[in-house]
Amino acid sequence: MIDYKPLDIVSIQAHLAEMPVGHRIIYLPEVTSTMDVARREAIAGAEEGLVVAAEEQTAGRGRFGRPWVSLAGQNLSFSVVLYPNRWSFARLSVAASVAVMRGIRQATGLEPSLKWPNDVRIDGKKVSGILVEGALQDVQVRYAIVGIGINVNSDPSDRLMA
């Protein structure tokens with residue numbers, strides 16, 4: 001097990017207080033999936049930009065229902081509630097992937113690449129996956145949940161990744 005320091009949500013939220021995303025964060029030490037919690041919040045009318053973050057996911061998932069293993073201290077696992085229009089909804093996966101690539105580059109100086117449509121890689125190894133789920137009503141998008149998992153302290157060869 002990795003010795004790690006849990007996320008400092010108070011500090012993170014303070015830095016994001018005026019931003020469209022992250023001004024409110026629900027932080028859970030352990031959850032089945034941040035996507036599930038975010039979906040419940042969206043259905044209940046949560047404000048746009050709500051982030052659900054967890055130290056550990058016991059039933060995280062990627063595309064096609066593939067498991068996303070997310071152990072405490074090894075990954076950043078979070079989901080964001082959005083209310084996009086249909087045009088934006090269709091582009092969320094690519095936009096989130098590009099944002100994750102840029103964030104990794106800025107934080108580490110490494111040069112990630114994108115494996116279409118939602119995997120971020122470094123040196124050919126997957127370091128992040130993005131999953132977008134949403135609900136439509138008639139022709140309107142009711143909500144979208146963007147789930148992001150970033151491997152931070154884990155060896156990609158030791159785990160299942162979506």
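1. A word to start with: a residue is called buried when its relative accessible area is under 20%, and exposed when that value is over 50%. Please also keep in mind that this is a predicted model.

2. Let's begin with helix α2, which spans residues 34-43. Thr-34, Met-35, Val-37, Ala-38 and Ala-42 are buried there. Looking down the axis of α2, you will find these buried residues within an arc of 165 degrees, so they line one face of the helix. The face turned away from that buried side carries Arg-40 and Ile-43, which are exposed.

3. What covers the buried side of α2? The cover includes the strands β1 (25-31), β2 (51-57), β3, β6 (125-137) and β7.

4. The two ends of α2 also deserve a look. At its start, a side-chain oxygen of Ser-33 comes to within 3.1 Å of the backbone nitrogen of Met-35. Just after the helix, Gly-45 has a positive phi of about 95 degrees.

5. Now turn to Ser-79, in strand β3 (residues 75-82). Ser-79 counts as buried because its relative accessible area is 0%. Its side chain makes a polar contact of 2.6 Å with the side chain of Thr-34, and also reaches the backbone nitrogen of Met-35 at 3.3 Å. Among the other residues that Ser-79 touches are Ala-38, Leu-50, Val-52 and Ile-145.

6. Val-152 sits in the segment after β7 (140-151), and its relative accessibility of 47% makes it partly exposed.

Terms used: Residues numbered from 1 in each chain as written. Predicted model: local features only at pLDDT ≥ 70, side-chain atom pairs only at ≥ 80, totals over all residues. Heavy atoms only, no water. Helix = DSSP H or I, 4+ residues; strand = E, 2+ residues; numbered from the N terminus. Buried < 20%, exposed > 50% of the residue type's maximum accessible area, 1.4 Å probe, protein only. Polar contact = N/O pair within 3.5 Å; in protein donor to acceptor, adjacent residues only side chain to side chain. Contact = heavy atoms within 4.5 Å. Arc of directions from axis to C-beta. Lists of a residue's contacts leave out its neighbours within four places in sequence.
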